Amino acid sequence: MCRPIYVYVLFRTKGCMVTTRTPAGPPPPGNRRRPRRSRPLTPVQEPAGRTAPGTTDTEPEPRAGLPDVPSDQPRQLTPAQAFDALYAFCAPALVRQTYLLTGRRELAREAVERAFQLAWQRWPDVARDRDPAGWVRAVAYDCALSPWHRFRPRHRSPEPPPADPADRELLHALLTLPPAYRRTLVLYDGVGLDLPETAAETEASTPAAASRLTHAREAVAARLPELADPAALHRRLLELASAERLGAARPTQVRTGSERRNVFWTRAAIAFTVTIVGATTLTLRTAPTRYEPPIAPAQAVRGVPAVGGMGPLSREERELREKLRKAETSGPERVFPQAR
């Protein structure tokens with residue numbers, strides 16, 4: 001599908017970062033984001049022997065075929081392996097972040113899966129991006145906050161709220177914010193981006209992002225006064241995101257779904273083109289080859305008396321009718337059919 005790339009996979013205690021190494025050159029046009037690090041939302045540390053809630057339900061697939069080389073040297077990965085590495089270490093955190101934006105578990109999974117499907121379709125460009133995780137995060141947020149979800153029947157009924165009353169209050173306070181304010185608050189106080197990075201990802205100016213963040217904090221603090229401190233708000237966002245068990249699909253399923261979607265839309269485009277060509281051909285075959293003047297509209301003819309209906313008989317006409325009735329049935333004056 002695309003050429004192999006060099007990928008460094010760096011493991012850290014709080015999240016991960018997947019960067020790409022490509023030949024030196026200017027960045028691709030159309031990239032409006034500034035270079036930044038990806039710091040996905042991480043779950044709260046759990047005691048030993050327990051699995052942290054919110055992690056993926058399945059284990060990451062082993063990267064078969066990797067050469068046994070030291071960790072400080074770049075590994076030559078195939079596009080599928082590089083995509084799987086990005087998905088395995090970013091998808092669980094993105095699902096939790098998207099849940100804070102929407103308050104819907106299934107919608108959060110769908111948005112993240114759709115974002116990674118688009119990333120696989122544009123993988124050569126995403127792999128050369130200065131922040132692949134940020135690219136996927138921006139697409140996932142856009143899909144999650146799309147206003148068209150309100151017309152879907154499955155999203156009209158509310159989902160069960162969190163079990164903890166404090167989590168319900170915080171989630172309700174987040175959902176009452178406007179989408180732009182909510183996204184800014186999650187990026188700054190949840191993910192941990194700085195203000196210029198938050199403004200770049202939300203496609204707003206830095207003063208506008210600061211104003212949104214201030215109003216969002218004030219609205220949350222008005223409902224929950226104990227969260228007026230940004231540090232306390234950051235901690236509670238982590239706890240709320242980690243309280244739900246939000247799993248992500250396998251990366252192979254995402255890649256397969258992306259390829260199936262491409263095949264479907266390609267066939268749909270071919271079928272639409274064939275339909276247009278067939279309709280055009282039929283029109284050319286059935287269209288007239290010479291000019292036929294249109295029929296002129298009807299017009300009234302002057303000088304002709306109007307047709308009148310039969311009126312009552314005059315006295316002379318009645319006398320003539322009686323005379324004809326009393327006359328003989330035979331003779332040259334009248335013809336009468338004879339029954340045989």
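Helices α1 (79–102) and α6 (residues 179–191) pack with their axes 10 Å apart, at an angle of about 140 degrees. This is a predicted model, where local features need pLDDT of at least 70, side-chain atom pairs count only at pLDDT 80 or more, and totals for chains, interfaces and linings use all residues. Residues are numbered from 1 along each chain as its sequence is written, and side-chain values use heavy atoms, leaving out hydrogens and water.

**α1 against α6**
- That angle makes α1 oblique to α6 (under 35 degrees is roughly parallel, over 145 roughly antiparallel, 65 to 115 roughly perpendicular, and the rest oblique).
- The crossing of the two, α1 and α6, is right-handed.
- On the α1 side, Gln97, Leu100 and Leu101 make the contact, and on the α6 side it's Arg182, Arg183, Val186 and Val191 (contact means heavy atoms within 4.5 Å).
- Sorted by type, the residues of this α1–α6 contact are 4 nonpolar, 1 polar and 2 charged.

**Helix α10**
- With 36 residues (251–286) at 1.5 Å a residue, α10 should span 52 Å, and its end C-alpha atoms are 53 Å apart, so the two agree.
- Pro251, Val254, Arg255 and Ser258 of α10 are buried (under 20% relative accessible area; exposed is over 50%, partly exposed in between, with a 1.4 Å probe and protein chains only).
- Among the elements covering the buried residues of α10 are α1 and α2 (105–121).

**Leu238**
- Leu238 sits in helix α9 (residues 230–243).
- Leu238 counts as buried because its relative accessible area is 16%.
- Leu238 and Asp189 are 49 residues apart in sequence, with their C-alpha atoms 9.5 Å apart in space.

Notes: Helices (H or I, at least four residues) and strands (E, at least two) are DSSP runs, numbered from the N terminus. The expected span of a helix is 1.5 Å times one less than its number of residues. Axes are lines fitted to C-alpha atoms, for helices over the stretch in contact, and angles run from 0 to 180 degrees between N-to-C directions. A crossing is left-handed if the near helix is turned anticlockwise from the far one by less than a right angle, and right-handed if clockwise. Ala, Val, Leu, Ile, Met, Phe, Trp, Tyr, Cys and Pro count as nonpolar, Asp, Glu, Lys and Arg as charged, and the others, Gly among them, as polar.
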